[in-house]
Amino acid sequence: TVHTVQLTESTINANSRLFERREDVPTQAITMGIGTIMNARSILLVVNGAAKADIVRAAFQGPVVPQVPASVLQLHPNVVLVGDREALSKLDLEKTELK
């Protein structure tokens with residue numbers, strides 16, 4: 001299911017660096033559940049930066065566990081992960097199918 005959620009004040013504050021004026025910062029976002037995502041024919045995930053390296057490794061090469069919701073993407077037949085070197089730096093390339 002896709003629905004609208006109110007962003008927390010901390011998220012609004014974090015996003016404010018991307019806007020010239022604070023009043024231009026979105027206060028709502030669209031979100032969807034894991035079931036909706038997993039029903040997609042294909043999934044494209046784009047990541048960048050070293051700060052994402054640990055979660056990329058956990059999601060794509062760790063166990064499929066509720067503590068890492070994105071790890072369920074390992075069970076999807078058509079996921080494409082695009083990232084810069086830093087975001088992908090902790091992946092074990094011996095375990096990864098590169099295309």
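This report describes the fold, strand pairing, surface patch, salt bridges and selected residues of a predicted model.

## Basis of the model

Because the model is predicted, local features need pLDDT of at least 70 and side-chain atom pairs count only at pLDDT 80 or more, whereas totals for chains, interfaces and linings use all residues. Residues are numbered from 1 along each chain as its sequence is written, and side-chain values use heavy atoms, with hydrogens and water left out.

## Overall architecture

The protein has 3 helices and 4 strands, where helices (H or I, at least four residues) and strands (E, at least two) are DSSP runs numbered from the N terminus. Read along the sequence, these elements follow the pattern β-α-β-α-β-α-β. The C-alpha trace spans about 45 × 30 × 25 Å along its principal axes.

Of the 99 residues in the protein, 17% are buried; buried means under 20% relative accessible area, exposed means over 50%, and partly exposed lies in between, with a 1.4 Å probe and protein chains only.

## Strands S3 and S4

Strands S3 and S4 pair in the parallel sense over 5 bridges, two strands being taken to pair if DSSP finds at least two bridges between them. Within this pairing, leucine 44 stands opposite valine 80 in S4. The chain crosses from S3 through H3 to S4 in a right-handed β-α-β crossover, a term that applies if, with the strands pointing away from the viewer, the path from the first strand over the helix to the second runs clockwise.

## The nonpolar surface patch

Leu44, Val46, Val80 and Val82 make a nonpolar surface patch of about 360 Å². The elements that give two or more residues to this patch are strand S3 (43–47) and strand S4 (79–83). Patches are made of residues with over 30% relative accessible area and no salt bridge, with like charges joined within 9 Å and nonpolar side chains (Val, Leu, Ile, Met, Phe, Trp, Tyr) joined within 5 Å. The accessible areas come from the Shrake-Rupley method with a 1.4 Å probe, and for residues only the protein chains shown count as cover.

Valine 80, found in strand S4, counts as partly exposed because its relative accessibility is 41%.

## Salt bridges

A search of the whole structure finds 5 salt bridges, each defined as a side-chain nitrogen of Lys or Arg within 4 Å of a carboxyl oxygen of Asp or Glu. One of them joins the side chains of aspartate 54 and lysine 90 at 2.7 Å, N to O. This pair links distant parts of the chain, since aspartate 54 is in helix H3 (residues 53–61) and lysine 90 is in the segment after S4, 36 residues apart. Aspartate 54 is partly exposed, with a relative accessible area of 42%, and lysine 90 also counts as partly exposed, at 39% relative accessibility.

Salt bridges that share partners join Arg21, Glu23 and Asp24 into one network. Arginine 21 forms a salt bridge with glutamate 23, in which the closest N and O atoms are 3.6 Å apart, and the side chains of arginine 21 and aspartate 24 meet in another at 2.9 Å, N to O. Arginine 21 counts as partly exposed because its relative accessibility is 45%; aspartate 24 is partly exposed at 37%, whereas glutamate 23 counts as exposed at 58%.

## A buried histidine

Histidine 76 has its place in the loop between H3 and S4, and it counts as buried because its relative accessibility is 8%. The side chain of histidine 76 reaches the backbone nitrogen of asparagine 78 at 2.9 Å.

## Separations along the chain and in space

Glutamine 28 is found in strand S2 (residues 28–32) and counts as partly exposed, with 44% relative accessibility. The C-alpha atoms of glutamine 28 and phenylalanine 60 are separated by 29 Å, the two residues being 32 apart along the chain.

Isoleucine 34 lies in helix H2 (residues 34–38) and is partly exposed, with a relative accessible area of 39%. Isoleucine 34 and isoleucine 12 are 22 residues apart in sequence, and their C-alpha to C-alpha separation in space is 24 Å.

Definitions and conventions
Polar contact = N/O pair within 3.5 Å; in protein donor to acceptor, adjacent residues only side chain to side chain.
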